[in-house]
Amino acid sequence: MKLQTQRFIDRWVGQLLCGVVSAWVRFTGLFGAPARMGIAPKNILVILLSEMGSIVLAGPMFAQLRRQYPGVAIHILQLKKNQEVSKLLSLTDVAHMHTLDDSSGGSLIRDILAVSLAMRRLGLDAVIDCELFSRVSALLSFSTGAPVRVGFTPHTQEGLYRGSFINHSIPYNPYQHISKQFLSLVDALQSPGGMPRNRAGAIREIPAEPELAVHFSTTELAVYRSKVETDHPVIQARQLVLVYAGGGILPVRAWPAAHYVRVVQGLCAAGHAVGLIGLKDDAALASELKAQVGHDACIDLTGYTKSIRELLMLMHASALLITNDGGPSHFATVTPIQTMVFFGPETGKLYGPLGKRTTILESGIACSPCLTAYNHRLTFCDGDNQCLKRIAPDPVLQQALAFLHAPAVATP
């Protein structure tokens, strides 16, 4: 199902259903003082339908859940296409991972009904809805039958109506990093009045690390590096720089292709190898960039990694990642690679990758950032993303070369 179709249904049908459910809850007397969760809950469901990168940003939240409720079974509900990341990061037992297939309207409705029935039979103690203003996730939190329903609310801000049946709600704060807000959702589980005003305020810093790990043996990494060198001999004895120039589902987040060409040419001229990464959909862009760069040390790796696990091993074998805002920048945080990531339509202050090995590149012009939960991530610049175009390539190249030539960096 197309993204715009999903947004249309969520906006019009979702608002109507949220209103109906809210009225029914009020009428039956179920609305009132928030339900209280027991001291030792058995089952908590986390709804996380967003892009794959959000799964990494939610890492500290999952870690806090495990620390706070060591005996609880954490269930995760996400889109089927995103489940690979959760399995790779071992967020919970595979048996506790549930999916929705959004490839068509029929499959989505079928899975919503199946998951709702399964959760009711299980007997959830609570559900945490990590979506900002999605009506379908709010309705799902109610359909699971969980007595404690935690999620975001616009509070007094107009628009983005989600009903009034989320009984442990916290206000979405557009000035705080999303990982920090995910942690506040955990605090809301035990908040007697719904909003954890004081307890959430105790979380003063953005989490220093994603608190996630993917373990590879030294032998496994060495074998993979050898395979890459065999398939692409040009990278032997060179530091490998990965470049993700695609914009994913939001092309407006992409730094200009001509800027990438300038940086890649400079890196190759300095003796480094550059691998253009991405999905098969990014192959056309990569082919165009490679032709414009015109250097043998620039290789096309789009579609080369067959899984997220392989992508992470490729990052282990590389020294630097230069990327647009998107999944690769967040996956990189669970590897040793240094990352330079461009932000503009969205901001690193809210969605920047966690960890100390990331450099955020932003121009800071007045209209940036422009994509928010309040405008359904639809920009008014009509593709003319000046916030990214104004980040000149030469300073980026110099910064990349300075890192690559630093004494602490060695070819993997």
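Mentor: Start with a term: a salt bridge is a side-chain nitrogen of Lys or Arg within 4 Å of a carboxyl oxygen of Asp or Glu.
Trainee: How many salt bridges does the structure hold?
Mentor: It holds 14 salt bridges. Keep in mind that this is a predicted model: local features need pLDDT of at least 70, side-chain atom pairs count only at pLDDT 80 or more, and totals for chains, interfaces and linings use all residues. Residues are numbered from 1 along each chain as its sequence is written, and side-chain values use heavy atoms, with hydrogens and water left out.
Trainee: Which residue does Arg253 meet in a salt bridge?
Mentor: Glu51, at 3.2 Å, N to O. Arg253 lies in the loop between strand 7 and helix 10, and Glu51 in the loop between strand 1 and helix 2, so the pair ties together parts that are 202 residues apart in sequence. Helices (H or I, at least four residues) and strands (E, at least two) are DSSP runs, numbered from the N terminus.
Trainee: Is Arg253 buried or exposed?
Mentor: Buried, with a relative accessible area of 4%. Glu51 is partly exposed at 25%. Buried means under 20% relative accessible area, exposed over 50%, partly exposed in between (1.4 Å probe, protein chains only).
Trainee: What about Lys349?
Mentor: Its side chain meets that of Glu362 in a salt bridge, 3.8 Å from N to O. Lys349 sits in helix 14 and Glu362 in the loop between strand 12 and helix 15, 13 residues apart. Lys349 is exposed at 61%.
Trainee: New topic. Where is Thr333 found?
Mentor: In the loop between helix 13 and strand 11. Thr333 is buried, with a relative accessible area of 7%.
Trainee: What is Thr333 in contact with?
Mentor: Leaving aside neighbours within four places in sequence, its contacts include Val56, Pro210 and Arg357. Contact means heavy atoms within 4.5 Å.
Trainee: And helix 12?
Mentor: Helix 12 covers residues 308-316, and its buried residues include Ile308, Leu311 and Met315. The buried residues of helix 12 pack against helix 4, helix 9, strand 7, strand 10 and helix 13.
Trainee: How do strand 2 and strand 3 pair?
Mentor: In the parallel sense, over 4 bridges. Two strands pair if DSSP finds at least two bridges between them. Leu77 stands opposite His98 in strand 3.
Trainee: Last one: where is Trp12 found?
Mentor: In helix 1, residues 3-27. Trp12 is partly exposed, at 47% relative accessibility.
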